[in-house]
Amino acid sequence: MAGLNFEAEYGDSHDILKALSDEGVEFILSCKGKVPLSECNGKIMCLFFSANWCRPCRGFIPHLVELYDTLRKRGVSLEIVFVSFDREEDGFNEHLKSMPWLAVPFDVNLHRRLIDRYRVDRIPSFIPLYSDDDMTVQDLIGCIEDYGANAFPFTRKRHEELKAIDKRKRDEANLEELLAGEGCNFLTSGDDIKVPVSELTDKTIGLYFSAYWSPPCRSFTIQLTDVYNNLNAAKNSHCFEIVLISTDRDLKEFNVNRSSMPWLAIPYEDRTRHDLCRIFDIKGIPALVVIGPDGKVISENGKFIVSSYGADAYPFTESRIRDLEAALRSQGETLPQQVEDIKHEHVLKLDMAKAYVCDFCKKQGKFWAFSCDVCDYDLHPSCVEKLHKD
């Protein structure tokens with residue numbers, strides 16, 4: 001998902017080593033101590049403007065750490081230099097503990113001159129010093145949050161390539177391309193058994209975006225579990241599989257969330273979770289994306305379909321939903337527009353309700369109801385008939 005659009009514009013001088021040398025700086029810092037400026041010669045240099053007091057900065061750092069470690073493992077000679085917006089050295093030192101890269105030594109006046117030199121007015125800001133302004137992606141912070149190390153070399157051309165790949169995966173890719181991450185081609189069951197993604201071939205799949213911290217997710221999980229169990233029991237075969245795409249905040253939450261579910265999950269450490277949220281533009285949870293046996297997306301509005309029609313909606317295709325809607329209309333045409341119930345003083349009118357509780361049998365109802373315009377009173381159509389027979 002795209003992050004904060006906190007980008008700086010940088011000027012003509014991209015030589016940070018010369019700039020520091022001109023300021024009389026002889027060394028820069030790492031979490032292990034002092035590092036000579038000369039150690040950065042020949043490396044791809046980037047500046048990271050941040051502050052310990054800035055919550056968005058602290059939230060962005062794990063993304064940048066992942067990018068930094070991944071690129072260095074790939075053999076990219078990248079170095080990042082942290083320039084602080086902190087006003088207190090204790091805050092600077094605390095912030096530096098979370099960074100595996102280098103930092104300009106704490107000096108408020110020096111930091112201010114560098115901030116002015118590179119025209120930084122918002123944080124976090126990440127500036128690659130090897131690219132022209134008009135070549136660098138506009139929302140680089142968001143691009144790194146979305147694509148991680150794949151955002152390198154941070155150009156607009158690269159960003160457009162990544163967006164095109166996302167579109168192709170959403171519109172054309174098979175299930176293995178969607179669910180199998182780099183070096184991880186399996187899902188996990190509730191008892192930690194690894195299940196190859198290939199075993200989902202020829203099944204209808206629900207990609208379930210959910211988190212344990214979300215009460216609406218926990219509520220919908222109960223409903224989705226009923227649908228899942230009913231379908232797979234009724235069909236006498238495992239025709240419908242669900243894959244949890246967790247947006248939990250940590251592994252502990254993920255494990256608690258998964259423990260309440262009978263289906264599979266993408267491993268918490270697999271970046272594919274994050275990629276799928278971006279590919280399907282998930283803005284809120286719970287969300288359910290339904291993929292057909294042919295690997296093509298059937299619906300990105302699976303939550304509404306399941307909430308409305310339950311297991312009757314299977315296989316969740318447009319034609320099936322049209323059939324259900326037509327059946328509902330036909331049912332409504334057979335019902336009277338209003339009735340008088342012997343246990344209620346007002347006339348009850350035929351109404352369409354997403355969900356309600358019948359005031360006679362006390363059971364959940366949906367779709368057609370006989371409701372009172374004067375007070376909060378609803379009856380199942382079948383309960384009205386029973387009352388007339390009494």
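User: What volume does the largest pocket have?
Analyst: About 1100 Å³. Bear in mind that this is a predicted model.

User: Which residues are closest to its centre?
Analyst: The lining has 39 residues, and the closest to the centre of the largest pocket are Glu66, Arg271, Thr272, His274 and Asp275.

User: And which elements give two or more residues to the lining?
Analyst: Helix 2, helix 6 (156-171), helix 7 (175-179) and helix 10 (272-279).

User: Which of them gives the most?
Analyst: Helix 10, with 8 residues.

User: How do the lining residues divide into nonpolar, polar and charged?
Analyst: The lining of the largest pocket has 15 nonpolar, 9 polar and 15 charged residues.

User: Switching to packing. At what angle do helix 2 and helix 5 pack?
Analyst: Helix 2 (residues 55-73) and helix 5 (residues 140-147) pack at about 65 degrees, and their axes are 9 Å apart. Angles of 65 to 115 degrees count as roughly perpendicular, so helix 2 and helix 5 fall under that term.

User: Is the crossing left-handed or right-handed?
Analyst: Left-handed, for helix 2 passing helix 5.

User: Which residues meet there?
Analyst: From helix 2, Phe60, His63, Leu64 and Leu67; from helix 5, Ile141, Ile144 and Glu145. By class, that contact of helix 2 with helix 5 has 5 nonpolar, 1 polar and 1 charged residues.

User: What about helix 5 and helix 10, how far apart are their axes?
Analyst: The axes of helix 5 and helix 10 are 8 Å apart, and the packing angle is about 120 degrees. The two helices are therefore oblique to each other.

User: Which residues make that contact?
Analyst: Glu145, Asp146 and Tyr147 in helix 5 meet His274, Asp275 and Arg278 in helix 10. The contact of helix 5 with helix 10 divides into 1 nonpolar, 1 polar and 4 charged residues. His274 and Asp275 also came up among the residues closest to the centre of the largest pocket.

User: Now the backbone. Which residues does a cis peptide bond join?
Analyst: Phe152 and Pro153 are joined by one, with omega about 15 degrees. Pro153 sits in the loop between helix 5 and helix 6. Ile285 and Pro286 are also joined by a cis peptide bond, with omega about 0 degrees. Pro286 is in the loop between helix 10 and strand 12 (287-291).

User: What is phi at Phe316?
Analyst: Positive, about 70 degrees, although Phe316 is not a glycine.

User: Where does Phe316 lie?
Analyst: In the loop between helix 11 (302-309) and helix 12 (318-333).

Definitions and conventions: Residues are numbered from 1 along each chain as its sequence is written. This is a predicted model: local features need pLDDT of at least 70, side-chain atom pairs count only at pLDDT 80 or more; totals for chains, interfaces and linings use all residues. Side-chain values use heavy atoms; hydrogens and water are left out. Axes are lines fitted to C-alpha atoms, for helices over the stretch in contact, and angles run from 0 to 180 degrees between N-to-C directions. Helices (H or I, at least four residues) and strands (E, at least two) are DSSP runs, numbered from the N terminus. Angles under 35 degrees count as roughly parallel, over 145 as roughly antiparallel, 65 to 115 as roughly perpendicular and the rest as oblique. A crossing is left-handed if the near helix is turned anticlockwise from the far one by less than a right angle, and right-handed if clockwise. Contact means heavy atoms within 4.5 Å. Ala, Val, Leu, Ile, Met, Phe, Trp, Tyr, Cys and Pro count as nonpolar, Asp, Glu, Lys and Arg as charged, and the others, Gly among them, as polar. On a 1 Å grid over the protein atoms alone, a cavity is a set of points where a 1.4 Å probe fits but cannot get out, and a pocket is an open set with protein on both sides within 12 Å along at least five of seven lines; lining residues have an atom within 4 Å of a point. Grid points are joined across faces, edges and corners, and a volume is the space filled by probe spheres set on the points.
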